[in-house]
Every structure is written in structure tokens, then in C-alpha cells.
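Have the viewer open while you read.

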Amino acid sequence: METIKLAKSNVLRFEIVTNEGEKTGNYLEFDLEDIELPLKINQSDINHQKNLQWLKMQYIAIDKKEDHKGKYLLSSNEEEKLRVLKEFYQKEIKALDLFLGNGGTKKMLNGRNPYYSMYDDISDSLEPIMPKLKQSADDIKEKIRNKYSVKEENVLE
């Protein structure tokens with residue numbers, strides 16, 4: 001069977017390392033010609049803010065409930081808060097994966113369980129690559145402008 005392969009030009013690939021600088025073997029790849037990349041970044045931030053608001057509202061609702069002794073160490077309200085927090089983590093992973101790609105958050109966590117400030121920590125770690133992504137978005141606009149602009153040649157005055 002014959003095969004064809006699409007070249008991976010204009011793809012930025014970043015190796016993920018631990019805090020100690022050890023290679024994890026995982027990479028994040030960003031297609032610089034993905035015109036929706038800036039929109040994904042914005043939507044990820046919007047979803048994060050919605051997730052925070054959702055968590056706050058859930059905690060307020062739980063705090064208004066009468067608390068009872070739970071099955072184990074925690075009270076019923078504390079157990080409910082843990083369940084809600086776990087759901088919050090899944091929403092945060094979904095928000096991050098919108099930008100990082102499917103499974104990107106898991107790669108960044110490198111075996112660590114999700115935690116409350118994970119969105120901010122991952123965002124901070126991505127800050128150094130943002131100028132490269134912004135520049136590539138600007139380059140795409142320029143390529144489109146150059147390719148489809150009307151060129152006037154031999155215009156008589």
C-alpha cells in the first residue's frame with residue numbers, strides 16, 4: 001500500500017521537563033497555522049473564570065445546607081465539597097486541553113493529581129512561549145494579506 005505524509009511545517013514543539021529539569025518524554029505541539037489558536041487561548045481563559053464562579057456558587061450552596069456526620073472522617077458537607085472540587089478539576093482540565101490539545105494537561109501534570117491552582121501554574125509555565133504563538137498568528141495574517149492582496153501592475157497614470 002502506498003502512503004502519503006503531510007509535512008509538519010510551522011508546528012512548534014516544546015519538550016516538557018520536571019521542576020528539577022528532568023525530561024518527561026512528553027511534548028506539546030502547537031500548529032502555528034491554526035487560525036483558531038488565539039480563540040482557543042481566549043476561550044480557555046473564559047472557561048477558567050466560569051469554572052471558578054461555578055465552584056464558588058457550589059460551595060455557597062453546600063454551606064447553606066445543614067451538615068451531618070458523614071460515613072467516614074468527613075461531614076456530609078465536606079464530602080460534597082470534595083465531590084464538587086473533583087468536578088471542578090475535570091472542568092479545569094477540559095479548559096486547559098482546549099488550548100493544549102487533548103491530554104495536554106495530563107502531560108503537563110506528569111503524573112501529579114489535579115489541584116486547585118493548576119490552571120494558573122500551567123498558564124504561568126506557558127508564558128514564555130506566548131510571544132512565539134502571537135508572532136506566528138501575526139505571520140499568518142501577513143501571509144494571507146500578501147497572498148490575496150490586489151496587485152496593480154502597469155497602471156497607466
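Predicted model: local features only at pLDDT ≥ 70, side-chain atom pairs only at ≥ 80, totals over all residues.

Helices here are DSSP runs of H or I with at least four residues, strands are E runs of at least two, and both are numbered from the N terminus. By that scheme D97 sits in helix α2, residues 76-100. Residues are numbered from 1 along each chain as its sequence is written, and side-chain values use heavy atoms, with hydrogens and water left out.

**The helix itself**

Quite a few α2 residues are buried, including V84, L85, F88, I93, L96, D97 and F99. Buried means under 20% relative accessible area, exposed means over 50%, and partly exposed is in between (1.4 Å probe, protein chains only). The buried residues of α2 pack against β2 (23-31), α1 (37-64), α3 (104-109), α4 (118-126) and α5 (130-148).

D97 is buried but has no salt bridge, and K107, the nearest side chain of opposite charge, is 8.9 Å away. For charge, Lys and Arg count as positive and Asp and Glu as negative, with His and the chain ends not counted. So what does D97 have around it? A polar atom of its side chain lies 3.3 Å from the backbone nitrogen of G104. Leaving aside neighbours within four places in sequence, D97 is in contact (heavy atoms within 4.5 Å) with N102, G103, G104 and T105.

**Salt bridges**

A salt bridge is a side-chain nitrogen of Lys or Arg within 4 Å of a carboxyl oxygen of Asp or Glu. By this rule there are 5 of them, and here are some.

| Pair | N to O distance |
|---|---|
| D34 and K40 | 2.8 Å |
| K81 and D63 | 2.6 Å |
| R83 and E87 | 3.3 Å |

R83 and E87 are 4 residues apart in α2, which puts about one helical turn between them. R83 is partly exposed at 43% relative accessibility, and E87 is partly exposed too, at 32%. Salt bridges that share partners join E80, R83 and E87 into one network.

**The nonpolar cores**

A nonpolar core is a set of buried Ala, Val, Leu, Ile, Met, Phe, Trp, Tyr and Cys residues joined through side-chain atoms within 4.5 Å. The largest has 20 residues, and F30, F99, L100, M118, L126 and L133 have the most contacts inside it. Which helix gives the largest share of this core? That's α2, with 5 residues. L133 touches L12, F30, L32, L37 and F99, not counting residues up to four places away in sequence. Apart from this core lies another, of 6 residues, among them I62, L85, F88 and Y89.

Key. Polar contact = N/O pair within 3.5 Å; in protein donor to acceptor, adjacent residues only side chain to side chain.
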